[in-house]
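I opened this model to see how its pieces pack together. Here are my notes, in the order I looked things up.

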Amino acid sequence: MLLGCNNQNSFTNDLIDIEEKLEEANYLIEKNQCIKASEILLQLPDNKNNPKIFETWGYYYLRLYKLKEAKEMYAKSLQLDPTNDAALASLADAYSLNGEYEKATFLLDEAIKINPQSSKHYYLYGDHYRRKNDISNATHFFEKAIEKGMRKDVVFAQMGWAYFDVNDLAKSGKKFNESLKQNSTYDMAIIGLGSIYAKFGFLELSKRQYYKAIKINPLNILPYEELKKYHNISLKRPIE
């Protein structure tokens with residue numbers, strides 16, 4: 001009996017260890033430290049029955065914009081747990097990024113049916129409509145994300161990018177500034193202001209914003225891309 005108890009304790013400890021490693025990997029992916037995250041994921045046991053492992057690999061590939069691989073990993077996760085609303089919404093995001101909008105819409109609706117309180121689902125829906133340049137629906141779902149408790153700095157900045165994409169620079173700038181009132185160091189809003197300055201020809205002000213964003217978050221690829229696009233300046237992004 002004691003042996004059985006010890007085995008059970010060992011099994012439970014292994015599960016806790018896997019959960020902690022997955023949590024750490026997800027955190028690193030969120031911070032654009034995908035190499036470190038992959039090192040953790042590769043150390044995990046080859047468990048084909050754990051949907052969370054496939055889900056985290058899906059997130060890893062999604063952040064690297066490897067959409068085919070991301071979709072495959074999320075699909076494997078959902079085969080094991082079809083009610084995982086987070087995986088459904090993330091799979092929808094991969095389809096949306098790939099321009100497969102009907103599939104994305106269906107999956108986002110399914111995710112919200114399962115968990116209508118998730119702020120992230122509404123945020124992803126807003127981003128989905130942003131890609132379609134549907135500003136009305138994009139702002140509707142972004143506002144729903146805030147209503148459900150998502151960080152205002154993040155949502156306001158993404159609303160800023162939605163207006164930027166349709167060349168409504170006045171509303172875009174307003175949203176970026178609202179984001180920075182919530183969080184003065186949010187890099188996505190700082191980059192957004194830099195791009196507005198560039199559009200208006202204020203190139204020195206634009207560069208300052210991009211360099212400021214890089215100082216805050218040197219792993220974010222966007223300010224490097226914007227510097228190249230608007231200023232023909234190529235900077236080497238650090239490898240984690």
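**Entry 1: what covers α11**

I started with α11, whose buried residues are covered by elements including α9, α10, α12 (203-216) and α13. For my own reference, contact means heavy atoms within 4.5 Å, and buried means under 20% relative accessible area, exposed over 50%, partly exposed in between (1.4 Å probe, protein chains only). Helices (H or I, at least four residues) and strands (E, at least two) are DSSP runs, numbered from the N terminus.

A note on the source: this is a predicted model, in which local features need pLDDT of at least 70, side-chain atom pairs count only at pLDDT 80 or more, and totals for chains, interfaces and linings use all residues. Residues are numbered from 1 along each chain as its sequence is written, and side-chain values use heavy atoms, with hydrogens and water left out.

I then asked how many of the 14 residues of α11 are buried. I found 11, so I wrote the helix down as mostly covered. They are D187, M188, A189, I190, I191, G192, L193, G194, S195, I196 and A198.

I also checked the length of α11: 14 residues at 1.5 Å a residue should span 20 Å, and its end C-alpha atoms are 20 Å apart, which agrees. The expected span here is 1.5 Å times one less than the number of residues. Just after α11, I noted G201 with a positive phi of about 90°.

**Entry 2: α11 beside α13**

Next I looked at how helix α11 (residues 187-200) meets helix α13 (residues 222-231). Their axes come within 10 Å and cross at roughly 5°. That makes α11 roughly parallel to α13. Angles under 35 degrees count as roughly parallel, over 145 as roughly antiparallel, 65 to 115 as roughly perpendicular and the rest as oblique. The axes are lines fitted to C-alpha atoms, for helices over the stretch in contact, and angles run from 0 to 180 degrees between N-to-C directions.

Which residues make the contact between α11 and α13? From α11 I listed M188, I191, S195, A198 and K199, and from α13 L222, P223, E226 and Y230. Sorted by class, the contact has 6 nonpolar, 1 polar and 2 charged residues. In that sorting, Ala, Val, Leu, Ile, Met, Phe, Trp, Tyr, Cys and Pro are nonpolar, Asp, Glu, Lys and Arg are charged, and the others, Gly among them, are polar.

I followed Y230, which lies in helix α13. Leaving aside neighbours within four places in sequence, Y230 is in contact with F164, S195, A198, K199 and Y210. The C-alpha atoms of Y230 and K199 are separated by 8.5 Å, though the two residues are 31 apart along the chain.

**Entry 3: α10 and L180**

I moved on to helix α10 (residues 169-182), where L169, S172, G173, K175, F176, E178, S179 and L180 are buried. These buried residues pack against α9 (152-165) and α11.

Outside the four places on either side in sequence, I found L180 in contact with Y186, A189, I190 and L193.

**Entry 4: α3 and its ends**

Helix α3 (residues 51-63) was next. Its 13 residues reach 19 Å from first C-alpha to last, close to the 18 Å expected at 1.5 Å a residue. Of those 13 residues, 11 are buried, including W57, Y59, Y60 and Y61.

At the start of α3, a side-chain oxygen of N50 reaches to within 2.9 Å of the backbone nitrogen of K52. After α3 comes Y65, with a positive phi near 60°.

**Entry 5: D127**

D127, in helix α7 (residues 119-131), is buried, with a relative accessible area of 7%. What does the side chain of D127 join in a polar contact? I found the side chain of Q158, at 2.8 Å. A polar contact is a pair of N or O atoms within 3.5 Å; within protein, one must be able to donate a hydrogen and the other to accept it, and residues adjacent in sequence count only if both atoms are side-chain atoms. Not counting residues up to four places away in sequence, D127 touches F142 and Q158.

**Entry 6: the whole chain**

Last, I zoomed out. The chain has 13 helices and 0 strands, and 48% of its 240 residues count as buried. Its C-alpha atoms fill a box of roughly 75 × 40 × 30 Å, taken along the principal axes.
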